[in-house]
Amino acid sequence: MASAQTRTTQRTRRTQSERTASSRQALLSATLELMAESGYAKVSVADICRRAGRSVGSHLHHFGTKAALVSAAVDQLAELRIQAMRDDLARSPRFGTGAALDVAWSFYAGPTFVVALELWVAARTDPELREHLLAVEERIDREVMTLAAQVAPETVAKPGAAAAARTALATMRGLAMRRCLYADEDLERTWQDTRPMLAGLLEPRVSRITPRTDRSED
């Protein structure tokens with residue numbers, strides 16, 4: 001049986017662990033918020049710590065450098081983006097090619113995509129961030145394909161599905177990027193106009209060959 005001192009120590013350790021997690025989470029949340037509001041280039045460690053209500057020393061303790069903090073924020077952003085897709089599907093279960101497109105679109109239409117776009121631009125001139133971001137984006141693409149396979153297995157299994165899916169995702173990214181410039185654009189209406197074209201690209205095609213009837217020349 002644990003002594004009173006041991007139980008007290010365990011409670012203290014749990015409390016310290018909770019405090020550490022809370023401080024770390026505050027810094028990560030502040031990083032994502034500020035990047036969404038001001039853009040990656042304008043965000044400083046001092047701004048992040050001020051928003052999080054933490055000292056710069058706290059940042060150094062948990063992450064050491066801005067690059068390490070941003071990398072950790074990228075990981076959390078990926079989790080948020082993946083969870084948003086799962087939640088969207090759980091709220092409204094559906095099946096078929098159109099449903100798979102809607103699941104993927106919910107990811108691009110959400111607020112986390114704006115932050116992801118900031119990171120992509122920053123990664124162009126930051127090799128360390130680029131390497132980390134590539135790994136994260138590959139993971140997200142795999143998750144998108146996994147969910148799509150659950151929703152539309154026949155579509156995903158057809159020959160050429162991977163290439164068609166890449167084209168569809170690239171189109172979605174392009175549409176989502178437009179709102180950064182055209183803030184008043186009706187993005188959902190644009191998506192509804194685009195969706196049937198992407199569905200036609202992804203849906204299995206059945207070849208319809210009209211039998212040729214050879215007729216002798218008179």
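Student: Which exposed residues does the face of H9 turned away from its buried side carry?

Tutor: That face carries Arg166 and Leu181. Keep in mind that this model is predicted.

Student: And which residues of H9 are buried?

Tutor: Start with the general idea. An α-helix has 3.6 residues a turn, so residues three or four places apart point the same way. Now the case here. Ala161, Ala164, Ala165, Ala168, Leu169, Met172, Leu175 and Ala176 are buried in H9. They cover an arc of only 135° around the axis, which puts them on the same side of H9.

Student: What do the buried residues of H9 pack against?

Tutor: Five partners are listed by name: helices H5, H6, H7, H8 and H10.

Student: How many salt bridges does a search of the whole structure find?

Tutor: The general idea comes before the count. Side chains of opposite charge can pair when their charged atoms come close. Here the search finds seven salt bridges. One of them joins Arg139 and Glu79, at 2.1 Å from N to O. Arg139 lies in helix H7 and Glu79 in helix H4, so the pair ties together parts 60 residues apart in sequence.

Student: Which salt bridge involves Arg173?

Tutor: Arg173 meets Asp141, at 3.7 Å from N to O. Asp141 lies in helix H7 and Arg173 in helix H9, so this pair ties together parts 32 residues apart in sequence.

Student: Is Asp141 buried, partly exposed or exposed?

Tutor: Asp141 counts as partly exposed, at 27% relative accessibility.

Key: Residues numbered from 1 in each chain as written. Predicted model: local features only at pLDDT ≥ 70, side-chain atom pairs only at ≥ 80, totals over all residues. Heavy atoms only, no water. Buried < 20%, exposed > 50% of the residue type's maximum accessible area, 1.4 Å probe, protein only. Helix = DSSP H or I, 4+ residues; strand = E, 2+ residues; numbered from the N terminus. Arc of directions from axis to C-beta. Contact = heavy atoms within 4.5 Å. Salt bridge = Lys/Arg side-chain N within 4 Å of Asp/Glu carboxyl O.
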